[in-house]
Amino acid sequence: MDITLDPSRDDLPLLANTSHMLVRHYALDLDVDFESQVIEGTIVLFLEDGNRFKKPSHSSTETCPLESNEAFNFRMPEPCPVPVTNARTFSSKMAYNDFTICGKGEKDTSDKDGNHDNWEQASGISSSKYCCDTGDHGSEDFLLVLDCCDLSVLKVEEVDVAAVPGIEKFTRSPRLTVGSEVLRNEIIQELVTMPADRWREQLDYYARCSQAPGCGELFFDTDTWSLQIRKKGAQTATDFPHAVRIWYKTKPEGRSVTWTSDQSGRPCVYTIGSPINNRALFPCQEPPVAMSTWQATVRAAASFVVLMSGENSAKPTQIREGCSSWHYYVTMPMPASTFTVAVGCWTEVMPEPCSSDDRPSERPVPSSQADFRCVGVCGHMEYPCRFQNATATTQEVIPHRVFAPVCLKDACQETLLRLIPSCLSAAHSVLGTHPFSRLDVLVVPANFPSLGMASPHIIFLSQSTLTGSSHLHLCGTRLCHEIAHAWFGLAIGARDWTEEWLSEGFATHLEDVFWAEAQQQLSPDEAQEQQELRACLRWHRLQDELRNSSEEMQVLRPSKEKTGHVSESGASVIKHGLNPEKIFMQVHYLKGYFLLRFLAKRLGDETYFSFLRKFVYTFHGQLILSQDFLQMLLESIPEEKRLGLSVESIFQDWLESSGIPQQLQRERQAGAECGLARQVGAEVSKWIQVNRRPRKRKRGERAVVFEKVRHRWCELIVRHKFTAAYGQVERFLQEDQVRLVSRPRASWGAPSSRAAMGIYLYGELMVSEDARQQQLARRCFELARGRMDKSSAEVVAEMLF
């Protein structure tokens, strides 16, 4: 597969050669420095070579040969001096047994000798081709390629795992020479393949091995999107070191994390869900097939709380005055893109004492669900699986914590703490076993570009969802959406990132089902009416989306028959992965939702959700393509009920075509609106008529602006050039624009988790061609851009300048 990238194109390269070597475990040891806005430390990769694991069954016949021996200019290994202590960093010198970690005292030459400044090159590709065939080339050394950008790589070395006391239990060949490459690789192979019931011992030895001394530096080089590592004389993946330590630090402008202030004005940093995922946080293998476990130790000032994707509810350990250490781990293999971290002065929001009457009632477990408890053998790679744990399968509400800036503590107590148990219980009643053992919910800073984001064991929520006890709907539905991702998006992931509908379509469809179940006071008819109203709203949003986007961005399976295909090395590109418009689009949410709604209606809800539980049990812990779901679904439908449905017809009508699917168009035209939709329509018509009447404003009259209509009010201010209220527009853009999102020139009612209504207001201010409004837009942007996420800031800057 010859990966040639045109600088004007918007595809995201995944260059890791996962067909030759896979990372099975990451061990991170990091320090967070808020003064320099840098995360610095080491990461140890525990690798398995391609001869040990099965290669993907779908692969392209194309290859990408290494262009020449001079394709990479590797840095020569140099001695690593003991760093000079720097008062600003907590890890300038950390002793692990007999070796020292290089900290800030070491001269950073990462932007010299062929290691380029990746940020400066991000707008274009420095070379017309990326060489991705890193297999065997005769006498050439094997090349390990990792996805990496916006990082300063300081040093790479092999880890002498054979020096760890007690490690001899992992050697099968006592005659092997101590310290030999074969012995070290054999130890790692035994370690990464330990049975699941020994996971605690495995984690302990991962930690010990990650602290072992180095036994030789490795050649390395970086380019815009990757880090390449080789060892002289190691010509195959089998010969290449299976434990590698990388010393690196992030850059303040790195795109995987954002440095900002929370709503209380305190500094924080967190992974923002960047289009480039985590490659600017640590060197990794980005392709979804590279499923791994991890453990991470993170040090920060004692006033900070570190939250992370981890199975354990970590507590701080004081390592010296003013500095604490936090340790998390994960034993369920998942793609590196799902790793999440947030460091800030968060406050844990504790529930107020309540009577037993206030607690969610126990729900009977449907018999159809009980049929899938601990039945058979799981189809995923071995790990401690909750689906095989009889206690876990009946756990309706998993342990959970809520964190937020101190100024939002009361709002979280009023809203979030009340909703989480009922939403978790509802999800369990629909899908069964919770894939993850615990959950943290963090209310993130105002520059978060989404209403929510789910990662293993942790959910980020926007403060916009905290609408108070009298308006629980927004928070409840968003919470249900993110909880649904535990099953679809995390426990079951897309093997090809372009098939986002497998995550977002399912979560959008399930959020309605979960929320209806969580509202125990609703009758079945009321729940149905509520879901029909939401379907009506989504229908209008989908129409708006399709009218205001290019056809190629409307396709849910853009790679068509090549979906899931990779090069011989495992490298690939994600179509439109870097398109700035993509993160503001709703197509994969909405068309995916309507497809699943169509299929559920065809089968009937009882049959469909019974099937869905079976599907979850079959595919949890695995990666899927669209055909995996559709084929299993159609096989469960009697032939007489399929009515011409096939995988091919669904591909053609729903997934591989732009615009509105014909079946959906016919359904919406034929269907009568529900009672709630008719009421809303009548109310809208009434206010349209009211807006058309000429009205005189009384002096001293104060507009009562409710939270849910503030944006509409600001839109009217701009449209009618009501200068006396420009301050309210400015306040909205300063307080809300970084957290309520929409695509410019689209319907104001179309926002969802990936867009910001404030961006729409910027567009309205600029297209008015009114000098005062344009000045207002530019002033607000200059004040707010530091708190905005990078994608939103780029879109607004393009409009303003």
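By helix I mean a DSSP run of H or I, at least four residues long, and a strand is a run of E of at least two, everything numbered from the N terminus. The side chains of E482 and R478 meet in a salt bridge, at 2.8 Å from N to O. The cut-off for a salt bridge is a side-chain nitrogen of Lys or Arg within 4 Å of a carboxyl oxygen of Asp or Glu. Both E482 and R478 are buried; buried is under 20% relative accessible area, exposed is over 50%, and partly exposed is in between, with a 1.4 Å probe and protein chains only.

Quick housekeeping. This is a predicted model, so local features need pLDDT of at least 70 and side-chain atom pairs count only at pLDDT 80 or more, while totals for chains, interfaces and linings use all residues. Residues are numbered from 1 along each chain as its sequence is written, and side-chain values use heavy atoms, with hydrogens and water left out.

Back to salt bridges. Side chains of opposite charge can pair when their charged atoms come close. How many salt bridges does a search of the whole structure find? The search gives 34. Another one is R208 with D204, at 3.0 Å from N to O. Those two are also 4 residues apart, this time in helix 3, residues 199-210, so again there's about one helical turn between them. Here, though, we're looking at partly exposed residues: R208 has 36% relative accessibility, and D204 has 33%.

Then there's D770 with K721, a salt bridge at 3.9 Å, N to O. D770 is in the loop between helix 20 (757-767) and helix 21 (771-784), and K721 is in the loop between helix 18 (710-719) and helix 19 (726-735), so the pair ties together parts that are 49 residues apart in sequence. K721 is partly exposed, at 41% relative accessibility. And some bridges share partners: E158, D160, E181, R184 and K231 are joined into one network that way.

Next up, empty space. Rolling a probe the size of a water molecule over the atoms shows where empty space is left. Searching the whole structure turns up 6 cavities of 30 Å³ or more. For the record, on a 1 Å grid over the protein atoms alone, a cavity is a set of points where a 1.4 Å probe fits but cannot get out, and lining residues have an atom within 4 Å of a point. Points are joined across faces, edges and corners, and the volume is the space filled by probe spheres set on them.

I'll take the second largest cavity, which holds about 130 Å³ of space. Strand 22 (452-455), strand 23 (458-461) and helix 8 (473-484) are the elements that each give two or more residues to its lining. Which residues lie nearest the centre of that cavity? They're I398, F436, L439, I483 and A486, out of 16 lining residues. The lining splits into 11 nonpolar, 3 polar and 2 charged, where Ala, Val, Leu, Ile, Met, Phe, Trp, Tyr, Cys and Pro are nonpolar, Asp, Glu, Lys and Arg are charged, and the others, Gly among them, are polar.

H457 is in the loop between strand 22 and strand 23, and its phi is near 70°, a positive value in a residue other than glycine. H457 is buried, at 4% relative accessibility. D150 isn't a glycine either, and has a positive phi of about 55°. D150 lies in the loop between strand 6 (144-147) and strand 7 (151-159), and is buried, with a relative accessible area of 0%.

Last, two long-range contacts. N579, in the loop between strand 25 (572-574) and helix 11 (587-603), is 568 residues along the chain from D11, yet their C-alpha atoms are separated by 7.3 Å. N579 is buried, at 14% relative accessible area. C412, in helix 6, residues 409-414, is buried too, at 0%. C412 and M350 are 62 residues apart in sequence and 9.3 Å apart in space, C-alpha to C-alpha.

That's my tour.

Technical notes. On a 1 Å grid over the protein atoms alone, a cavity is a set of points where a 1.4 Å probe fits but cannot get out, and a pocket is an open set with protein on both sides within 12 Å along at least five of seven lines; lining residues have an atom within 4 Å of a point.
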